[in-house]
Amino acid sequence: MTLINHFLSRLGPGLLYAGAAVGVSHLVQSTQAGGMFGFELIIAIIIIHAIKYPFFEFGPRYTAATGQHILHGYLKLGKWAVWLYLLMAIATMFIVQAAITVVTAGLITNIFGLDGLGGHDPQMVAFIIGSLLLLISFTLLVSGHYVLLDKLMKIIILILTVTSIAAVIMLLFDNPGHHKTATVSFTFTDTAHLIFLATFLGWMPAPLDLSIWHSIWAKSKNDSDGKIASLRETLFDFRVGFIGTAFLAICFLLLGALVMYGSGIPFAAGGAAFAGQLLDMYQQALGDWAYPIVAIAAIATMFSTTLTVLDAFPRSISASLELLFPGRIRQRNPHFTYMISLAILIAGTLFILFFYMTSMREMVKIATVISFVAAPIIAILNMQAVFSRHMPDQYRPGKLMWIWCWFGVAALSACSIFYLLL
């Protein structure tokens, strides 16, 4: 226990990274990937993690090297770089937050049997629950009690990890056997398969925006600790979160493959119905006793993602505006800018949920594809910031990482262009 406590005590912003990453991409898309194509897309999870790794690492690396978040590195490239990120953040934040919120609302609706509550249309029920989630999140962020959830993050991720591993192991030894007779295979000649792959990889393990959020969280932790964490500590923290999210993605894919692949049962488009299918998988694997534990872990995981992303977008927008208009923002107080950005994000998310919530699947598809197309831009900006002459020599990555980065940029760019031509 002493060793475990020592290990957990070394984790900080990397756990926030994991909390933000483990959400829709894992509970929804990884499970669907397994249910649709069996074990085939495990290699896609490994490849996309390898491609995106440097760009995620560069956020906390820049903070360890300079004591500032990586948007300062963008500014040294020119104001255009900060403006570009700011415009992308504003363009994506509403649909991303709406997609995460609708999945969280779907889980809660199914677990507590609220579908059609009081004779209301299920879509209206989901909107009401989503609104309450955003209101609770807003209250926590404003009151500062978000720190309490941050402390619970270790327990949340631990419960989800243990139950997921246990479910997969149980199913490997005793499963329905649907996958043994299934014949569906992924093919690059099928447009529908390619579109699914784009949505799957767009948020795997997370949008590249998370590298910027991670950098901002790392700076905040340094400020609260009164010291700048060393590069070794920072990278250890990051890599635990990064490897952990990759491992969990594979677990969820295996879960979908072992239970749903070849069963002839399609995944539900609605958030509540899909949540029911997901929880039934755990129940089949582990038994009825596991349902309440997994249900709590799933809700906590998705709520933490909802809350973390709701905090991250306004925080990064406020940081961008502070760099672009330092005099005005400091005079008005950066916290004021954060609050305004938070209020706008909530209002825009509610607008989408009320008028455009046709199905969870379509909303997630739109959000993930946008992230997929934007990924090469953020990758190039992160790379330019870390390899610039302003980066201290001892913190600048080596030649191998430089080659790795250009390979990643080429792969992300080629995939984005190919998808846009579909």
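**Figure 1. Helix α4 passes helix α10 in a right-handed crossing.** A crossing is called right-handed if the near helix is turned clockwise from the far one by less than a right angle, and left-handed if it is turned anticlockwise. The contact (heavy atoms within 4.5 Å) involves Phe55, Phe56, Gly59, Pro60 and Thr63 on the α4 side. From α10 come Leu210, Ser211, His214, Ser215, Ala218, Lys219 and Asn222. By class, this contact of α4 with α10 holds five nonpolar residues, six polar and one charged. Here Ala, Val, Leu, Ile, Met, Phe, Trp, Tyr, Cys and Pro count as nonpolar, Asp, Glu, Lys and Arg as charged, and the others, Gly among them, as polar. Helix α4 covers residues 42-66 and helix α10 residues 209-225; their axes come within 8 Å and cross at roughly 25 degrees. Axes are lines fitted to C-alpha atoms, for helices over the stretch in contact, with angles from 0 to 180 degrees between N-to-C directions. The two helices α4 and α10 are therefore roughly parallel; the terms are roughly parallel for angles under 35 degrees, roughly antiparallel over 145, roughly perpendicular from 65 to 115, and oblique for the rest.

A word on the model before the next views: this is a predicted model, in which local features need pLDDT of at least 70 and side-chain atom pairs count only at pLDDT 80 or more, while totals for chains, interfaces and linings use all residues. Residues are numbered from 1 along each chain as its sequence is written, and side-chain values use heavy atoms, with hydrogens and water left out.

**Figure 2. The protein chain has 17 helices and zero strands.** Helices (H or I, at least four residues) and strands (E, at least two) are DSSP runs, numbered from the N terminus. Of the 422 residues in the chain, 56% count as buried. Buried stands for under 20% relative accessible area, exposed for over 50%, and partly exposed for what lies in between (1.4 Å probe, protein chains only). Take the contacts between residues at least 6 apart in sequence: 87% of them join residues at least 24 apart.

**Figure 3. Helices α3 and α9 make a left-handed crossing.** On α3, the contact uses Gln29, Ser30, Gln32, Ala33, Met36 and Phe37. Their partners on α9 are His193, Phe196, Thr199 and Phe200. The contact of α3 with α9 divides into five nonpolar and five polar residues, with no charged ones. The axes of α3 (residues 24-37) and α9 (residues 191-202) come within 10 Å, crossing at roughly 150 degrees. These two helices, α3 and α9, are therefore roughly antiparallel.

**Figure 4. Phe188 sits in the loop between α8 (146-173) and α9.** Is Phe188 buried or exposed? Phe188 has a relative accessible area of 61%, so it counts as exposed. Beyond its neighbours within four places in sequence, Phe188 is in contact with Leu194 and Leu197.

**Figure 5. Helix α10 also meets helix α13 (residues 290-324), with axes that come within 10 Å and cross at roughly 80 degrees.** That makes α10 roughly perpendicular to α13. Helix α10 brings Asp209, Trp213, Ile216, Trp217 and Ser220 to the contact. Helix α13 brings Thr308, Val309, Asp311, Ala312, Phe313, Arg315, Ser316 and Ala319. The classes in the contact of α10 with α13 are seven nonpolar, three polar and three charged.

Figure 6. Ile216 has a relative accessible area of 7% and is buried. Which residues does Ile216 contact, leaving aside its neighbours within four places in sequence? They are His69, Leu71, Arg315, Ser316 and Ala319. Gln68 is 148 residues from Ile216 in sequence, yet their C-alpha atoms are 8.0 Å apart in space.

**Figure 7. Ala285 in helix α12 (residues 271-286).** Ala285 is buried, at 7% relative accessible area. Not counting residues up to four places away in sequence, Ala285 touches Ala167, Met170 and Leu171. Ala285 and Ala166 are 119 residues apart in sequence, with a C-alpha to C-alpha separation of 8.3 Å.

**Figure 8. Leu107 in helix α6 (residues 79-111).** With a relative accessible area of 2%, Leu107 is buried. Between Leu107 and Met302 there are 8.5 Å, C-alpha to C-alpha, for a sequence separation of 195 residues.
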